[in-house]
Protein chains: 2
Amino acid sequence: MRERHRHNQCIKNALEKAERVCAEKSLRLTPTRRKVLELIWQSHKPIKAYDLLNQLSSDEHIEKPPTVYRALDFLLKNHLIHKIASHNAYVGCEVNHDEMDSKFFICDQCAEVKEVCEPKLDRSLLEASKKQGFIPNQTTIEIHGTCAKCAR
Amino acid sequence: MRERHRHNQCIKNALEKAERVCAEKSLRLTPTRRKVLELIWQSHKPIKAYDLLNQLSSDEHIEKPPTVYRALDFLLKNHLIHKIASHNAYVGCEVNHDEMDSKFFICDQCAEVKEVCEPKLDRSLLEASKKQGFIPNQTTIEIHGTCAKCAR
DNA sequence: GTATAGAATGTTATATTATAACAGTTTATC
DNA sequence: GATAAACTGTTATAATATAACATTCTATAC
């Protein structure tokens with residue numbers, strides 16, 4: 001735990017950002033949406049839709065899939081979370097999406113995901129696209145391997 | 001159709017490559033595996049597992065999911081096909097996998113996928129990884145957009 | 001040529017991921 | 001307070017994928 005970052009701060013930042021974004025765009029961060037975002041931000045590991053569903057449910061009340069998928073759709077559409085396609089799982093968005101699409105480093109040891117912006121990589125992607133005469137719109141860049149922490 | 005490439009040749013090449021690879025590694029390209037590979041190569045569009053299953057089935061005999069998933073596993077493991085994670089669908093492998101991982105350009109108009117090797121892009125990916133202290137193992141690079149043909 | 005082990009296939013069942021469709025409720029605005 | 005749009009509840013089902021175990025096939029050793 002020694003080197004662990006102050007994760008509470010991540011959660012707090014994420015929720016604040018969400019409130020700001022929603023306020024700016026007149027969107028409603030309803031209790032379910034907020035709760036789902038908070039659950040996703042419990043870690044930097046992608047979480048599955050049905051795990052969220054279980055965590056949303058209590059002994060008294062079991063939530064149904066559309067509840068969580070609707071919240072996920074909202075959060076995805078507004079760039080507050082991302083879907084990791086290679087895992088069918090969801091992580092909080094760590095970057096500013098004025099920039100280009102995200103790239104993800106996914107540790108196969110500890111499962112943590114690091115989202116990065118890499119203008120150089122963007123340029124390479126654009127260049128490669130141009131070479132194909134391809135007009136890129138949205139990218140899925142997921143790099144699996146071993147993170148710095150686990151490599152030590 | 002005027003500019004259409006000779007797709008029969010693609011299928012033929014793919015099957016020949018598969019036979020060669022299997023011969024070299026003492027693997028068995030059994031009838032089901034061969035048939036699945038052939039069905040996947042009917043086009044350059046990713047095909048879904050259950051579509052393959054339907055095409056494998058006849059009025060007399062309906063195949064079951066494990067049949068197709070086992071064939072897919074075999075073909076994936078031996079780099080004869082790839083899974084497009086963002087679509088849960090499968091395409092034939094067009095490149096030589098002595099090289100690094102594949103990158104896919106996926107046209108959202110016509111659905112065709114072009115697999116490319118881009119050493120420059122590989123270098124950018126490696127560089128970005130190094131910057132994170134990340135040791136890359138396997139990448140999912142899927143660029144969605146509009147292909148040259150559809151852009152015209 | 002037969003015994004044998006490993007690979008491949010058949011079969012049933014079920015797990016996992018995601019959406020459709022429609023009814024009811026809440027919210028913002030007029 | 002009426003209204004429309006957004007949001008939520010609920011039931012059902014679609015789409016994707018695997019587990020587990022029985023059976024058959026194939027290559028090799030004897």
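A:Ile143 stands opposite B:Thr139, a residue of β5(B). Strand β5 of chain A (residues 135–146) and β5(B) run antiparallel and are joined by eleven bridges; two strands are taken to pair if DSSP finds at least two bridges between them. Helices (H or I, at least four residues) and strands (E, at least two) are DSSP runs, numbered from the N terminus.

## Basis of the description

This is a predicted model, in which local features need pLDDT of at least 70 and side-chain atom pairs count only at pLDDT 80 or more, while totals for chains, interfaces and linings use all residues. Residues are numbered from 1 along each chain as its sequence is written, chains are lettered from A and ligands numbered from 1 in the order in which they are written, and side-chain values use heavy atoms, with hydrogens and water left out.

## The interface of chains A and B

In this interface, 36 residues of chain B are in contact with 36 residues of chain A, contact meaning heavy atoms within 4.5 Å. The two chains bury about 2,800 Å² between them, 60% of it on carbon and sulfur atoms; buried area is the accessible area (1.4 Å probe) that two parts lose on being put together, summed over both. In chain B, the residues that lose the most area to chain A are B:Phe105, B:Gln132 and B:Phe134, together 21% of what that side buries.

Four salt bridges are found across the interface, each a side-chain nitrogen of Lys or Arg within 4 Å of a carboxyl oxygen of Asp or Glu. One of them links the side chains of B:Lys120 and A:Glu127 (3.1 Å, N to O). On the side of chain B that touches chain A, β5(B) gives the largest share, twelve residues.

## The surface near DNA strand D

DNA strand D is surrounded by 17 residues, and the closest are A:Thr30, A:Arg70, B:Lys48, B:Tyr50 and B:Lys83; a residue is near the strand if one of its heavy atoms lies within 4 Å of it. Sugar and phosphate account for 47% of the atoms of DNA strand D that come within 4 Å of the protein.
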